[in-house]
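Reader: Before I plan around this protein, I would like to go through its model with you, one feature at a time. Could you show it to me and then take my questions in turn?

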Amino acid sequence: MRLFLLFFFLIYSTVHVYAFLKAKAALAFGVRTGLGIAIFMAVMVAAPVIVRFSEKAGYESFAKVMAYAGYLWLGVLFLFFSSSLAVDLYRLVVYVGGIMLQKDLSRLSLSTRWAFYLPLLFSLTAATYGYFEAKAIRVENVAINTSKLPASIERLRIVQISDVHLGLIVRERRLKKILEKVKEAGPDIFISTGDLVDGQVNKLNGLSDLLKGIRPRFGKYAITGNHEFYAGFEQSKLFTEEAGFRLLRAEAVDVADIITIAGVDDPTADAFGLSKGLTEKAVLSPLDPEKFILFLKHRPLLDKGSADLFDLQVSGHVHKGQIFPFTVVTWLYYPVLSGLASVSADSLLYVSRGSGTWGPPIRFLAPPEVTVIDLIRKVDSPSSRIKMP
């Protein structure tokens, strides 16, 4: 964790230096202006730490202001950095092309000022759009045909939320919008696939009551994400259970003799010494393969030893990158960023884009979602466990 934070702040500081030098080259400001910008940037670099400590100390209003300022800035800066690198690459291609062709191609390039202003304009526009996109909750409908439902059940509706990140930024208003979509769907089973909380859980007054208002006939089930451990596991666990969820930690439950739901902790549990010590295979192997097995796992990674031991794995965590082009970086580690994918002849994976936001209250080309998964009974040959329509 410490190594990750060190790496994050090193990269974040470097990006600030890059942005400062781009602004200096374009605007040619003096020492006084440069000092003011440098101080502002230093505060923004430290903003996540300031937010964390002020929140712990009970200065919630100050922490909330710093969270909005610091994380909005992070989003804008990332968009500026990404687009500015693209512009720099274009200018480099023009420069190298001129040398190779022995021609003056400077008319095709951009001046130093425009190389700053265009990325700045793009980042501000994209961030504004992304701020509103983050509030526009979409419903994603997935239908899966299976021969594993009992004759008494024609359709079983599972509604998934993931990565809500309840904390300083995602509060009552956003949660109410998410839960409106859940209620409209009319779930038989309601699941949360991790990162339900994000900050100091003891300050999330009343939010558990909103979640408690969802009462599906076959229950509510949840697993931990990495942020449940960052926020404090015992408090996160208490909040999740007060919200009416049964927290599955390396265990499985038979739901009304209709479906089996299994869940595992996020690997962050190991770092905090809270792991249950069971592998996915150990959790899934004893389960009855004649029943539909729904596997809740926060990160959309596949364990080769358990790929054929479930029918559907539902995950979250990656937010589809949340802010493009970070999507590309995320894809390098998580090949399935969102949606439904077949992972073996008998197993499927669904990855949610997430229902809230982490850090910047911005989503750019990665809108939030509530997922409605309909399991539809279909008489099929015994050898076919599950089929996509």
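Author: Let us begin with helix α8, whose buried residues pack against α6 (207-212), β4 (220-222), α7 (226-230) and β5 (246-247). Please keep in mind throughout that this is a predicted model.

Reader: Within what arc do the buried residues of α8 fall, seen down the axis of the helix?

Author: In helix α8, which covers residues 233-242, the buried residues are Phe 233, Ser 236, Phe 239 and Thr 240. Seen down the helix axis, these buried residues line one face of α8, because they fall within an arc of 130°.

Reader: Which residue just after α8 takes a positive phi?

Author: The helix itself runs over residues 233-242. Just after α8, a positive phi of about 100° is found, and the residue that takes it is Gly 244.

Reader: How much space lies in the largest cavity?

Author: A search of the whole structure for cavities of 30 Å³ or more finds 1. The largest cavity is lined by Ser 192, Gly 194, Leu 196, Ala 222, Ile 223, Glu 228, Thr 240 and Leu 247, and Thr 240 is also one of the buried residues of α8. That lining divides into 4 nonpolar, 3 polar and 1 charged. The space in the largest cavity is about 30 Å³.

Reader: Turning to the second largest pocket, how many of its lining residues are charged?

Author: About 310 Å³ of space lies in the second largest pocket, and 17 residues line it, with Val 264, Asp 265, Pro 267, Asp 270 and Leu 278 lying nearest its centre. When the lining is divided by residue class, 5 are nonpolar and 4 are polar, while the number of charged residues is 8.

Reader: What is the relative accessible area of Ala 256?

Author: Ala 256 sits in the loop between β6 (251-255) and β7 (259-263), where its phi is near 50°, a positive value in a residue other than glycine. Ala 256 is classed as partly exposed, since its relative accessible area is 49%.

Reader: What separates the C-alpha atoms of Ile 259 and Lys 148?

Author: Ile 259 has its place in strand β7, and this residue is buried, with a relative accessible area of 0%. Leaving aside neighbours within four places in sequence, Ile 259 is in contact with Leu 156, Ile 158, Ile 189, Val 253, Asp 254, Phe 292, Leu 294 and Leu 375. Although Ile 259 and Lys 148 are 111 residues apart along the chain, their C-alpha atoms are separated by 8.4 Å.

Reader: Which backbone nitrogen does the side chain of Asp 311 reach?

Author: Asp 311 is found in the loop between β8 (292-296) and β9 (312-315), and this residue is buried, with a relative accessible area of 0%. At 2.7 Å, its side chain reaches a backbone nitrogen, that of Ile 293.

Reader: How far apart in space are Gly 58 and Lys 203, C-alpha to C-alpha?

Author: Gly 58 is found in the loop between α2 (31-56) and α3 (60-101), and is partly exposed, with a relative accessible area of 40%. In sequence Gly 58 and Lys 203 are 145 residues apart, whereas in space, C-alpha to C-alpha, they are 9.0 Å apart.

Note on methods: Residues are numbered from 1 along each chain as its sequence is written. This is a predicted model: local features need pLDDT of at least 70, side-chain atom pairs count only at pLDDT 80 or more; totals for chains, interfaces and linings use all residues. Side-chain values use heavy atoms; hydrogens and water are left out. On a 1 Å grid over the protein atoms alone, a cavity is a set of points where a 1.4 Å probe fits but cannot get out, and a pocket is an open set with protein on both sides within 12 Å along at least five of seven lines; lining residues have an atom within 4 Å of a point. Grid points are joined across faces, edges and corners, and a volume is the space filled by probe spheres set on the points. Ala, Val, Leu, Ile, Met, Phe, Trp, Tyr, Cys and Pro count as nonpolar, Asp, Glu, Lys and Arg as charged, and the others, Gly among them, as polar. Helices (H or I, at least four residues) and strands (E, at least two) are DSSP runs, numbered from the N terminus. Buried means under 20% relative accessible area, exposed over 50%, partly exposed in between (1.4 Å probe, protein chains only). A polar contact is a pair of N or O atoms within 3.5 Å; within protein, one must be able to donate a hydrogen and the other to accept it, and residues adjacent in sequence count only if both atoms are side-chain atoms. The arc is that of the directions from the helix axis to the C-beta atoms. Contact means heavy atoms within 4.5 Å.
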